[in-house]
Amino acid sequence: MNRLAICPGSFDPVTYGHLDIIRRGARVFDEVIVAVFNNHSKQPLFTGEERISLLKEVTADLPNVHVDVSEGLLIDYARKKGAHAILRGLRAVSDFEYELQITSMNRKLDENIETFFMMTNNQYSFLSSSIVKEVAKYQGNVSGLVPEPVERALIEKFTD
């Protein structure tokens, strides 16, 4: 049986915190699909195509990780892909309450797809895409927070 997990997110942009979860998930599951979803309550900095391209570049060394895009419900996407699991990262206790609500709804929609939470590495527990964008917007140093291709893309976005 192929243990397939979906690792969903907006990844606007992908950070080292995201990569930590993706890399560790790739060791646990046979295959991980990193699924880019648009959060319609936020205005993205990067287009879906740009996020996919950056994710593919920074996960190129992980042969069992694939990048895709989806709209709609995560649980429908997971079912369509034949996934057995959803992989979610947690940074702090504050993330848990929100994730618990989503997980409970997903379980109601399909009790056969399990959600696995993975605590991010402590060095990334403060890190969010929003913080990275804010720092980059004011030409702050984001090296060490995002991979080099993402850093270059952020500089390009904010120097236009």
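User: Where is Phe11 found?
Analyst: In the loop between strand 1 and helix 1. Helices here are DSSP runs of H or I with at least four residues, and strands are E runs of at least two, numbered from the N terminus.

User: What are we looking at, and how are residues counted?
Analyst: The model is predicted, so local features need pLDDT of at least 70 and side-chain atom pairs count only at pLDDT 80 or more, while totals for chains, interfaces and linings use all residues. Residues are numbered from 1 along each chain as its sequence is written, and side-chain values use heavy atoms, with hydrogens and water left out.

User: Back to Phe11. Buried or exposed?
Analyst: Buried, with a relative accessible area of 3%. Buried means under 20% relative accessible area, exposed means over 50%, and partly exposed is in between, using a 1.4 Å probe and protein chains only.

User: What is its phi?
Analyst: Phi of Phe11 is positive, about 50 degrees, although Phe11 is not a glycine. Most residues other than glycine have a negative phi.

User: Which residues does the cis peptide bond join?
Analyst: Asp12 and Pro13, with omega about 0 degrees. Most peptide bonds are trans. Pro13 sits in the loop between strand 1 (4–9) and helix 1 (16–28).

User: What about Gln139 and its phi?
Analyst: Gln139 also has a positive phi, near 60 degrees, and is a residue other than glycine. Its place is the loop between helix 5 (129–137) and helix 6 (148–159). Gln139 counts as exposed, because its relative accessibility is 57%.

User: New topic, the fold. How many helices and strands?
Analyst: Six helices and five strands. From the N terminus the order is β-α-β-α-β-α-β-α-β-α-α.

User: What is the radius of gyration?
Analyst: 15 Å. A compact globule of 160 residues would have a value near 15 Å, so the two agree. The radius is taken over C-alpha atoms, and the globule rule is 2.2 Å times the number of residues to the power 0.38. Along the principal axes, the C-alpha atoms fill a box of roughly 45 × 35 × 30 Å.

User: What share of the residues is buried?
Analyst: 46% of the 160 residues. The accessible surface comes to about 9,000 Å², and 52% of that belongs to carbon and sulfur atoms. Areas come from the Shrake-Rupley method with a 1.4 Å probe; for residues, only the protein chains shown count as cover.

User: How many positive and negative side chains?
Analyst: 18 positive and 22 negative, with the centres of the two sets 2 Å apart. Lys and Arg count as positive, Asp and Glu as negative; His and the chain ends are not counted. Each charge is placed at NZ of Lys, CZ of Arg, CG of Asp or CD of Glu.

User: On to Arg88. Where is it, and what is it in contact with?
Analyst: Arg88 is in strand 4 (residues 85–90). Leaving aside neighbours within four places in sequence, Arg88 is in contact with Pro8, Glu99, Thr115, Phe116, Phe117 and Met118. Contact means heavy atoms within 4.5 Å. Arg88 counts as buried because its relative accessibility is 16%.

User: Which backbone oxygen does the side chain of Arg88 reach?
Analyst: The one of Pro8, at 3.4 Å. A polar contact is a pair of N or O atoms within 3.5 Å; within protein, one must be able to donate a hydrogen and the other to accept it, and residues adjacent in sequence count only if both atoms are side-chain atoms.

User: How far apart are Leu74 and Pro8?
Analyst: 7.6 Å in space, C-alpha to C-alpha, and 66 residues in sequence. Leu74 lies in helix 3 (residues 74–81). Beyond four places in sequence, Leu74 touches Ile6, Pro8, Phe37, Ile86 and Asn106. Leu74 is buried, at 14% relative accessible area.

User: Last one, Asp110. Where is its place, and what does it touch?
Analyst: Asp110 is in the loop between helix 4 (93–109) and strand 5 (114–119). Not counting residues up to four places away in sequence, Asp110 touches Ile75 and Arg79. A polar atom of the Asp110 side chain lies 2.9 Å from the backbone nitrogen of Asn112. Asp110 is buried, with a relative accessible area of 11%.
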